[in-house]
Protein chains: 2
Amino acid sequence: MASIKPSVPKGTRDFSPAEMAKRNFIFDTIKSVFKKYGYQQIETPSMENLSTLTGKYGDEGDKLMFKILNSGDYLAKADAAALENRNSNKATASISEKALRYDLTVPFARYVVQHQNEITFPFKRFQVQPVWRADRPQKGRYREFFQCDADVVGSPSLLNEAEFVMIYDEALSKLGLQDFTIKINNRKILSGIAQVINKHDSIVDLTIAIDKLDKIGLNGVIKELLERGFNDADIEKLKPVILLDGSNTEKLASLRDALQTSPIGLQGCDEIQTVFDYLANCKLQSANLELDITLARGLNYYTGAIFEVKTNEVAMGSIGGGGRYDDLTGMFGLKGLTGAGISFGADRIYDVLEELNLFPQSTDQSTQVLIICFDTDGERYALPLLQNLRNSNINSEMYPAGAKVKKQMEYANNKNIPYTILVGSDEMQTGLLTFKNMQSGEQEKLTAEDILQKLK
Amino acid sequence: MASIKPSVPKGTRDFSPAEMAKRNFIFDTIKSVFKKYGYQQIETPSMENLSTLTGKYGDEGDKLMFKILNSGDYLAKADAAALENRNSNKATASISEKALRYDLTVPFARYVVQHQNEITFPFKRFQVQPVWRADRPQKGRYREFFQCDADVVGSPSLLNEAEFVMIYDEALSKLGLQDFTIKINNRKILSGIAQVINKHDSIVDLTIAIDKLDKIGLNGVIKELLERGFNDADIEKLKPVILLDGSNTEKLASLRDALQTSPIGLQGCDEIQTVFDYLANCKLQSANLELDITLARGLNYYTGAIFEVKTNEVAMGSIGGGGRYDDLTGMFGLKGLTGAGISFGADRIYDVLEELNLFPQSTDQSTQVLIICFDTDGERYALPLLQNLRNSNINSEMYPAGAKVKKQMEYANNKNIPYTILVGSDEMQTGLLTFKNMQSGEQEKLTAEDILQKLK
């Protein structure tokens, strides 16, 4: 047998007990907030038919999908010419008919279409599962990672968008973040701007340039816009948009002014206003809500609101994002169902909490108390206590007899167990057990009953 | 775009909100018991290197593993001769270097070896993750299914075995099962029986024949044993074993008698006795513990205790099993680490609970209350109440304005929401909202504050 030290595939990770405890803290917190807002969990298979996934993520996505080799004698049905010519791309379709999930959105759309007759709409679902991408692994980018999504399908109400803001605020506050910004934009505002200057394909160029205002100033932005093919008349019309400033209300007013000739642009302003109205009487705990017209993520599929979340406490990319897409299930032939959703970037949130030291100390404490025996007599003596502890729902362990006390203490320390109970011959004779607080080092002699009461 | 109704790959499943709630009930219950006994969660990647998995599950396992096609231009490095000859088996190694996890035990062994310097032994870990097998799908057998394992590595103490019995008893009782049998055997007893009759390769034949005693009687068993190559002298020696009966204590006494010439057999009896001693003062909640020497599962790898759990309430295969394997990590070059573990069969447990109607009614109640508004005025009016409910940690929803009340009521019913609050013009005028119990149909007029208090 090989005795080479085994390893995991590139870009994948093992999660130790300490890491799992922290990850569960994040996932459990987010899930509890999703549920509080009426979202329900579903799960879909790790593998989907290639016909479900292919073409949904662009050429790059098709390439980065992990394909599953057909079982059995797969070469019997392989495309002979493709094999002959070593045409990997072409051969794939003949030797693979399944791939690993690339995101949670396409499988969700597939789910909705497949189960449309069992679903009560609006359907509010959340999903926390791994996805796989054959990306080049690098710091913070993995080939297997968890996505954490909530989407509602079948409801055009902007109440959903307002609730997404509340969900972000509540979940991230619960995780301990104290200063973060939820940026909101609307695809229709971007369309309106393009309409006003009659340049429909230049939205991204425009937002990239405007986004640099802080760094390069108005003249810098104008220079860049001229380089990117905008003319002086465009720039004159765009000035109020470039210089957009002040409160969200002030920004909206300026935008309405700049977009007065664009019905779609004004509609975008109305939608943002409605979301703000819903939130008017709702005190956000830690989030700053900011209208940011340079926010252009997911431009290819979002049709209404666009969200992005950034922490202001450490330097880190976005820790969440989402938006509304008016035709979620159209790709599977079910037209006219509007969807809106958000996602939490769990890996980045993990790094943020780690850097800010925000994981509660209790996160990594699973076992509450370890019973340390000096010999098998002690083991037998302490078994009823162990059972009583467990009957009282106290996570507890007894180290199997035979090990040195020092080793057992180390075990408690390494496992972050806050209390130990020592059972030696003295203890058995007097019935007074040594109860030790592992952090302070303090110890006292107590009866089993007293220890039980104390730990309760 | 295709408008063919999409589907999931053969042998895989979507889980709806109702199904997820039930599955989570099972997993959460089992996990909480694992934790209570000091087990900690880990997770390993869905894919492992083929070098990690190949050869660990026999030829059949190698065949049933889902292999991942290499990314990029995989044919460039493919085995030309194997492609030419359409030798699928041989070609695989050259176009695939990863496969999906086939069980949780081999990845766990890999984990222990890889992380041996970070681990505190004895290492008690649990793991609840999906595994994949390209088996022919059939009722109750899936290509993607969850395993639910707890293993301890680095501790030879039989206290672990005793605790496994307690874990099964506590977890299955918590799930609502009232009558189930935990069968226990020991590989060394089986070896002892073989030693006594000097037939080391016939243990399986023997246990299969003995297992039929109830059905075919002593003469039937003897006839079958003769057919399977045992002789009269063997059978004379085996009689006490075949006719083993009575309490566990009585069975052990008979076994000691029959195995008196076999040191290994007697050692097996001692080990079982030690487990029983640990459990002597421990009142099991619902489990019957039964020494069953016909239990021969995992004969190829178990070296000590063997477990199997069966419910006596419905006809169903085993719902759990496990045992001790003395050289868990040897396959990865780390010798001398003993392991013992158990597994819960989550899919079968699901079917059992469903059949016995044991899922608590609350399992499928996620949202506690739905606010039903007649129009946008009501929506605005009720928003503060919605927030107050959520601030009090009550899962609550407001149906977006504009839908008929009947539709909103249906939504509440379909989502199994126990209470609704109706907000019409009367309600807004008087401040007395209609609070409806959806199950009884009862409704009363209450202030928002009273409703809040009631739901708390």
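A: Chain A exposes about 19,200 Å², of which carbon and sulfur atoms supply 46%, with accessible areas taken from the Shrake-Rupley method with a 1.4 Å probe, and for residues only the protein chains shown count as cover. This is a predicted model, in which local features need pLDDT of at least 70 and side-chain atom pairs count only at pLDDT 80 or more, while totals for chains, interfaces and linings use all residues. Residues are numbered from 1 along each chain as its sequence is written, and side-chain values use heavy atoms, with hydrogens and water left out.

Q: And what share of chain A counts as buried?
A: Of its 456 residues, 59% count as buried, meaning under 20% relative accessible area with a 1.4 Å probe, protein chains only.

Q: What about helices and strands, how many in chain A?
A: Chain A has 18 helices and 16 strands, which are DSSP runs numbered from the N terminus (helices: H or I, at least four residues; strands: E, at least two).

Q: Which strands are in the eight-stranded open sheet, and in what order?
A: In chain A the order is 1-5-6-11-10-9-7-8, with mixed pairing, where two strands pair if DSSP finds at least two bridges between them. The edge strands of chain A, strand 1 (40-41) and strand 8 (287-291), each pair on one side only.

Q: How do strands 7 and 9 of chain A pair?
A: Strand 7 (residues 180-186) and strand 9 (residues 305-311) of chain A pair in the antiparallel sense over seven bridges, and N185(A) has I306(A), in strand 9 of chain A, as its bridge partner.

How values were computed:
Chains are lettered from A and ligands numbered from 1 in the order in which they are written. Buried means under 20% relative accessible area, exposed over 50%, partly exposed in between (1.4 Å probe, protein chains only).
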